[in-house]
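Colleague: I am new to this structure and would like to learn how to read its features one at a time. Please take the general idea first and then the case at hand.

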Amino acid sequence: MVDAFIVSVLLICCSITSCTGNPDAVCDKFAPAGGDFTLPLPVKVDATDRLKWKRNKENIFNKIGDSVTLGKPEDVSEDGSLKLRSVSMETAGTYEAEIHTKAGKIRGTFKTVLCVQERVNKPTIKMRCESDKSGHKTVIFTCSVTPVKGVSFRWHQNGKPLKDIGVSVKRSVEEVGKERVTCTVSNSVSNMSSEALGQDCIKSGEL
């Protein structure tokens with residue numbers, strides 16, 4: 001076994017650009033606010049090892065063998081991973097773990113940037129009809145949702161995916177016809193779809 005190694009793992013902040021105050025932070029994984037989350041430790045801790053966890057340079061957990069000197073035994077899993085309960089925006093930060101053998105040799109150091117996102121709410125669709133000077137009619141569907149930051153959009157027409165990825169979709173009335181449109185919003189921790197909505201820019205008997 002290698003005596004020492006460093007593994008850097010990037011995880012979760014309130015958005016892709018972080019709650020840590022660093023706009024350059026990059027997040028590999030994300031956890032929802034209000035839920036529980038476990039920060040994994042890539043190396044299993046032996047029974048005689050010393051394990052230390054820090055958040056933003058401050059010690060939050062310390063264990064020497066079976067003796068916990070800081071924090072609670074239930075704060076970590078059997079393999080040494082850190083358990084975070086009722087995650088909030090304040091949970092975000094830079095987490096570091098250190099593992100030492102009983103003899104004091106370092107087995108590994110790990111650094112994790114923790115980011116948190118709110119779950120998206122169910123979106124709704126608003127429809128607007130437009131007509132140009134020649135009388136050509138178009139329909140615009142707009143997806144409304146909160147929160148908006150860090151959210152991506154996908155559109156479907158009668159269950160078939162559209163290429164549009166923006167907050168709005170514009171189609172000619174003939175393209176839509178009697179079919180119905182839905183929007184799906186997602187971020188790194190959740191996704192929700194709207195109810196299907198048709199267009200009424202032209203009466204059904206005229207289609």
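Modeller: Start with accessibility: buried means under 20% relative accessible area, exposed means over 50%, and partly exposed lies in between (1.4 Å probe, protein chains only). This is a predicted model, in which local features need pLDDT of at least 70 and side-chain atom pairs count only at pLDDT 80 or more, while totals for chains, interfaces and linings use all residues. Residues are numbered from 1 along each chain as its sequence is written, and side-chain values use heavy atoms, with hydrogens and water left out.

Colleague: Is C129 buried, partly exposed or exposed?

Modeller: C129 has a relative accessibility of 39%, so C129 counts as partly exposed.

Colleague: What is a disulfide here, and how many are there?

Modeller: A disulfide is a pair of cysteine sulfur atoms within 2.5 Å. By this rule there are 2 disulfides. One is formed by C129 and C201, with sulfur atoms 2.0 Å apart. The angle about its S-S bond is -90 degrees, and the link of C129 and C201 is left-handed. This pair links distant parts of the chain, 72 residues apart: C129 is in strand 11 (residues 124-131) and C201 in the segment after strand 17. Strands (E, at least two residues) and helices (H or I, at least four) are DSSP runs, numbered from the N terminus. C201 is buried, because its relative accessibility is 13%.

Colleague: Which cysteine is joined to C143?

Modeller: C143 is joined to C183, S to S 2.1 Å. The torsion about the S-S bond of C143 and C183 is about 60 degrees, so this disulfide is right-handed. C143 belongs to strand 12 (residues 137-144) and C183 to strand 16 (residues 181-186), so the pair ties together parts that are 40 residues apart in sequence. Both C143 and C183 are buried.

Colleague: How do I read a polar contact, and which polar side chain has a backbone nitrogen of C201 at 2.7 Å?

Modeller: A polar contact is a pair of N or O atoms within 3.5 Å; within protein, one must be able to donate a hydrogen and the other to accept it, and residues adjacent in sequence count only if both atoms are side-chain atoms. The side chain of Q199 has a polar atom 2.7 Å from the backbone nitrogen of C201. A polar atom of the Q199 side chain also lies 2.9 Å from the backbone oxygen of G177. Q199 is in the segment after strand 17 (191-193), and Q199 is buried, with a relative accessible area of 11%.

Colleague: What is a nonpolar core, and which residues touch the most other members of the largest one?

Modeller: A nonpolar core is a set of buried Ala, Val, Leu, Ile, Met, Phe, Trp, Tyr and Cys residues joined through side-chain atoms within 4.5 Å. The largest has 21 residues, of which L39, L41, L51 and W53 touch the most other members. Strand 3, strand 4, strand 7 (82-84), strand 8 (93-100) and strand 9 (106-114) each give two or more residues to this core. Strand 8 gives the most, with 3 residues. Apart from this core lies another, of 17 residues, among them V120, V145, F153 and C201.

Colleague: Where does N56 lie, and what is its phi?

Modeller: N56 lies in the loop between strand 4 (50-55) and strand 5 (58-64). Its phi is near 50 degrees, a positive value in a residue other than glycine. N56 is partly exposed, with a relative accessible area of 41%.
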